Amino acid sequence: MLGDMSLLRTASALMTHSKERQALVARNVAHADTPGYRAVDLKSFADLMQRVSHRENLHSSALTGPRNQIEIAPEGSVSPDGNSVGLEDQMIRAQEAARAHSRAITIYTHSLKQLRTVLGR
């Protein structure tokens, strides 16, 4: 277990991804009345992890950079002024990000507990 810390790195990367996703949701909601604003989100964590090798730093922009943002436009919710923010959709995305962050914290905490047990502390 001590030699392979990939579970801790992955949990940490999931926390970073969900934090960045939550920030994008907040930005989208803040621009809900801005004419022409196009809502964005991050690509899914699973899709990004398929591209990133385990040797790469999972905290880098490989998971959260601008190239990993995608424009979202829920069907039928683009307003006449060109704004694509749907508040209901954003609230769902915020909840998904919160659940992912909570899951990552749980995994990280339990992994650290196991590590402490192995070390006898």
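Modeller: The protein chain contains four helices and two strands. The model is a predicted one. Read from the N terminus, the elements follow the order α-β-α-α-β-α. The chain has 121 residues, and 36% of them count as buried.

Let us turn to the pocket itself. Rolling a probe the size of a water molecule over the atoms shows where empty space is left. In this model, the largest pocket holds about 210 Å³ of space. Its lining is made up of 17 residues, and those nearest the centre are His17, Arg21, Ser44, Phe45 and Ala100. By kind, the lining comprises seven nonpolar, three polar and seven charged residues.

Three elements each contribute at least two residues to this lining: helix 1, strand 1, which spans residues 40–42, and helix 4. Helix 4 is the greatest contributor, with six residues.

Two of these contributors, helix 1 and helix 4, also meet each other. Helix 1 covers residues 6–30 and helix 4 covers residues 87–119; their axes come within 8 Å and cross at roughly 160 degrees. Because of this angle, helix 1 counts as roughly antiparallel to helix 4, the cut-off being over 145 degrees. The crossing of helix 1 past helix 4 is left-handed. Where helix 1 and helix 4 are in contact, the residues comprise 18 nonpolar, seven polar and three charged.

Thr109 is placed in helix 4. With a relative accessibility of 37%, Thr109 is classed as partly exposed, because that value falls between the limits of 20% and 50%. In sequence, Thr109 and Ala11 are 98 residues apart, yet their C-alpha atoms are 9.5 Å apart in space.

Ala39 belongs to the loop between helix 1 and strand 1. The relative accessibility of Ala39 is 0%, so this residue counts as buried, the limit being under 20%. Ala39 is also 31 residues from Ile70 along the chain, while 8.6 Å separates the C-alpha atoms of the two.

To return to the request, the residues nearest the centre of the largest pocket are His17, Arg21, Ser44, Phe45 and Ala100, and helix 4 gives the most to the lining.

Terms used:
Residues are numbered from 1 along each chain as its sequence is written. This is a predicted model: local features need pLDDT of at least 70, side-chain atom pairs count only at pLDDT 80 or more; totals for chains, interfaces and linings use all residues. Side-chain values use heavy atoms; hydrogens and water are left out. Axes are lines fitted to C-alpha atoms, for helices over the stretch in contact, and angles run from 0 to 180 degrees between N-to-C directions. Angles under 35 degrees count as roughly parallel, over 145 as roughly antiparallel, 65 to 115 as roughly perpendicular and the rest as oblique. A crossing is left-handed if the near helix is turned anticlockwise from the far one by less than a right angle, and right-handed if clockwise. Ala, Val, Leu, Ile, Met, Phe, Trp, Tyr, Cys and Pro count as nonpolar, Asp, Glu, Lys and Arg as charged, and the others, Gly among them, as polar. On a 1 Å grid over the protein atoms alone, a cavity is a set of points where a 1.4 Å probe fits but cannot get out, and a pocket is an open set with protein on both sides within 12 Å along at least five of seven lines; lining residues have an atom within 4 Å of a point. Grid points are joined across faces, edges and corners, and a volume is the space filled by probe spheres set on the points. Buried means under 20% relative accessible area, exposed over 50%, partly exposed in between (1.4 Å probe, protein chains only).
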